[in-house]
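Here is a short briefing to read alongside the model. Take a look at the structure first, then come back for the notes.

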Amino acid sequence: MKIGVIGSGTMGSGIAQVAAQNGHLVYLIDTSQQALDKAKTNLSQTLNRLVDKEKITSEQAIQIGSSIQYSTDLNDLSPCGLVIEAIVENLTIKHELLKKLETVVSNDCVLASNTSSLSIASLGAVLNNSDRIIGIHFFNPAPIMPLVEIIPAVQTSELVLESITKLIQTWGKTGVICKDTPGFIVNRVARPFYGEALRIYEEGIADFATIDWAMTHFGGFKMGPFTLMDYIGNDVNYSVTESVFESFYFDPRFKPSFTQKRHKEAGYFGRKSGRGYYDYTEGVEWPMPNENEEIGILIFNRILAMLINEAIDAVLMQVGTTEAIDLAMTKGVNYPKGLLKWADEIGLPKVLEQLEELFSTYGEDRYRPNALLRKMVKEQKSFY
Ligand SMILES: NC(=O)c1ccc[n+]([C@@H]2O[C@H](COP(=O)([O-])OP(=O)(O)OC[C@H]3O[C@@H](n4cnc5c(N)ncnc54)[C@H](O)[C@@H]3O)[C@@H](O)[C@H]2O)c1
């Protein structure tokens, strides 16, 4: 099957590489010739690196490289069986593209979006044949991250869902099916990792370095929340939070933080701007955490309990299965353990107790323990 990818930026170029590595002929389209040239140069550098590391042979590199055709002409997509759009995150622009695309491709061509925050139903709404729309959400960098969220919209046909699920599996990726709800699985369940860390900082319980230390030292997370936000970019991370908050009709669980907003406003985006929560100027000393065990454990327990509460809500609302939610967090954002497995290990009564304590201390809806958690504790159940 020939595959079309539209948008040759960070995500589109990675997705094109994945499809080419899996033997497809790929048409990579962008309105900007400069973006296409950049994608082509980057891919050839990536392939050379893979050859150097002996991950692929030089013949394979040539084969992969020559499987991608770069073009600014949407009409080149006419022979494709699947087109994945990865253009700018803007509903109006994506709508215009999808409408045009439908006049170019055949009737049975599947049209997919890599959107992070728009609903797949809203994207499909402009199509004449909307049962072919589906979300295929890769993680950055697409060739490396194993997770792909597969999101059927209310309009998507069973056949399209089945064929895309199979395809993603043959690409060697971990596909998880999730409901077309804001943030899908990962960008919803991960919110407290940032939000609760920011709240703890705002309350003056600990500084950035101490919170990061607590999560890496006690939790085994690869990066602490502030290091990770600086890595993602505070502008990007803040707008995901804001969009999830708005999409959930302002549920206080997802409330954005003034600290992050101010950092974003100041241009303290993180690594890419040289300054975020930390100063990345060469030679500047990294702040030391306060390695007080009692505070560290308190921070870790609080953030983890909030993450587990969110994962349980995703189960309750059938955003994904227990297994899908655990896979999504371990394969999409490298969590050291699935949150629901972690909840079982801690013991659901203990998690409930921690949340009830937060809820009674603050009296805020943000800390309400999930109904499914209460029910499972009452019935002495576990997730696995
Ligand atoms: N960056 C991430 O970490 C990430 C992760 C998952 C999903 N996404 C989603 O993937 C999509 C792309 O994000 P990105 O970070 O790769 O963006 P990007 O800015 O790196 O690339 C977007 C590309 O699309 C091109 N483009 C814009 N309008 C176009 C049009 N009408 N036709 C053809 N090309 C067009 C631009 O020239 C640009 O090269 C967005 O929907 C985003 O939400 C991003």
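This is a predicted model: local features need pLDDT of at least 70, side-chain atom pairs count only at pLDDT 80 or more; totals for chains, interfaces and linings use all residues.

Residues are numbered from 1 along each chain as its sequence is written.

**Around the ligand**
- Gly7, Gly9, Met11, Ala35 and Asn140 come nearest among the 23 residues around the ligand (C-beta atom, placed from the backbone, within 6 Å of it).
- Helices α1 (10–21) and α4 (91–104) each supply at least two residues of this shell, and α1 gives the most, with 3 residues.
- Helices here are DSSP runs of H or I with at least four residues, numbered from the N terminus.

**Helix α10**
- Because 7 of the 8 residues of α10 (residues 225–232) are buried, the helix is largely enclosed by the rest of the structure (buried: 20 or more other C-beta atoms within 10 Å of a residue's own, all placed from the backbone).
- Among the buried residues are Phe226, Leu228, Met229 and Asp230.
- The cover over them includes α8 (191–202), α9 (208–217) and α11 (234–247), counting contacts as C-beta atoms, placed from the backbone, within 7 Å.
- Glycine 233 follows α10 and has a positive phi, near 105°.

**Helices α16 and α17**
- α16 (residues 348–362) and α17 (residues 371–378) pack at about 135°, with axes 9 Å apart; axes are lines fitted to C-alpha atoms over the stretch in contact, and angles run from 0 to 180 degrees between N-to-C directions.
- Leu348, Pro349, Val351 and Leu352 of α16 meet Leu373, Arg374, Met376 and Val377 of α17.

Key:
A residue is buried if 20 or more other C-beta atoms lie within 10 Å of its own, exposed if 12 or fewer, and partly exposed in between; C-beta atoms are placed from the backbone. Two residues are in contact if their C-beta atoms, placed from the backbone, lie within 7 Å.
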